[in-house]
Amino acid sequence: MSDDGREQTGHERVPSRQRRRFPGISSRAYEHPADRSALVALRKLSGFDTVFKALSGLLPERSLRLLFLSDSVRVSERQFKHLHDMLLDACYILDLEKVPPMYVNQDPQPNAMCIGLDEPIIVVTTGLVELLDEEEMRSVVGHEVGHALSGHAVYRTILLFLTTLALKVAWIPLGNFAIMAIVTALREWFRKSELSADRAGLLVGQDPKASMRGLMKMAGGNHLHEMNVDAFLEQAEEYEASGDLRDSVLKILNVLPRSHPFATIRAAELKKWAESRDYQRIMDGHYPRRSEDKDTSVSDSFRESAASYADDVKTSKDPLMKLVADLAGGAGDLGDRVRRGFDGFKSPAPSKDAPPKDASSNDSSPKDEE
């Protein structure tokens, strides 16, 4: 019983250290604009609605739940109590009324997921539990609760099923092509949804350094004394700015088969949001409520997403994004800019009015390497 005589259900418990709570918060408060726009694009993909409706009735969700119940450890007051407390805290902070069941699965690979069609299930691996400290793990649990609040579990479940199905029908050219088109679109959306869930994890943990450490450990393992968060973030900046247009294309090809963005990119995106006015407004109690979701405008969401993409292109240091920004601004000749793009944008094209170099000049300045 609480001090005022009301029965305690466990959901109302105060977190282990004082954190702000966000009553009635809408997932719109933390969702990355690219998450929403990618989901809208996914729903417009030819054949997706048909596949979605069919799989919603066919997926063996009951079997999935029985599998985790029979071959994993369910988090509770008596098992993995510290994770149980974190789960209750995360649901309390994000005001998620129904606490999803959570399981620990024996797997040395650090991972966590939120799946399920009717009701979400959270699964974390032993590799992740052993890798992260309490505050880092708290942000991960908040991340998964954010997936649940945003309704991501349904699409994640379909992605897992279709990925498996694609392997089984790989010998059927047209069938595999159709499935892989949807899988590729789902992966693109899911990578964006991870950025949203990272933000939810920060709202739960309210410790940016812990969130960054967790992502760094996912990349480099449990060697915290050998790693540095600032240096890790510098890697993201170097990754974005390095190379030429060939590297930009390779970056796209590298990320296509992945369900998650690269760890350094996630850390950089989260740091940017943690330092933004949007995050501070949420922490100050100014955020959209779920009660207002029905009144939201789809066109407003599109405009917000478009503005976000435009800002990303404008501020990006990636050579391909630089080229897009230059062309959008009507600058220069396309062929010339593409040629210079493949040379890393290292030097401007010579002016037509510039005098030709003397072949006998003693200029020994080094040339740009290919």
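In helix α10 of this predicted model, where helices are DSSP runs of H or I with at least four residues, numbered from the N terminus, the residues F232, L233 and A236 are buried, that is, under 20% relative accessible area with a 1.4 Å probe and protein chains only. They lie on the same side of α10, because they cover an arc of only 100° around the axis, taken over the directions from the helix axis to the C-beta atoms. An α-helix has 3.6 residues a turn, so residues three or four places apart point the same way. On the other side of α10, D230, E234 and E238 are exposed, for which the cut-off is over 50%.

The buried residues of α10 pack against α9 (208-220) and α12 (263-274), a contact being heavy atoms within 4.5 Å. The helix itself runs over residues 229-241, and its 13 residues reach 19 Å from first to last C-alpha, close to the 18 Å expected at 1.5 Å a residue. At its N-terminal end, N228 caps α10 with a side-chain oxygen 2.9 Å from the backbone nitrogen of D230.

Helix α12 also takes part in the lining of the largest cavity, since α8 (173-205) and α12 are the elements that give two or more residues to it; a cavity is a set of points on a 1 Å grid over the protein atoms alone where a 1.4 Å probe fits but cannot get out, and lining residues have an atom within 4 Å of a point. The largest cavity holds about 40 Å³ of space, and its lining includes H32, D198, R199, R266 and E269.

Residues are numbered from 1 along each chain as its sequence is written. Local features need pLDDT of at least 70, side-chain atom pairs count only at pLDDT 80 or more, and totals for chains, interfaces and linings use all residues, while side-chain values use heavy atoms, leaving out hydrogens and water.

Conventions: The expected span of a helix is 1.5 Å times one less than its number of residues. A polar contact is a pair of N or O atoms within 3.5 Å; within protein, one must be able to donate a hydrogen and the other to accept it, and residues adjacent in sequence count only if both atoms are side-chain atoms. On a 1 Å grid over the protein atoms alone, a cavity is a set of points where a 1.4 Å probe fits but cannot get out, and a pocket is an open set with protein on both sides within 12 Å along at least five of seven lines; lining residues have an atom within 4 Å of a point. Grid points are joined across faces, edges and corners, and a volume is the space filled by probe spheres set on the points.
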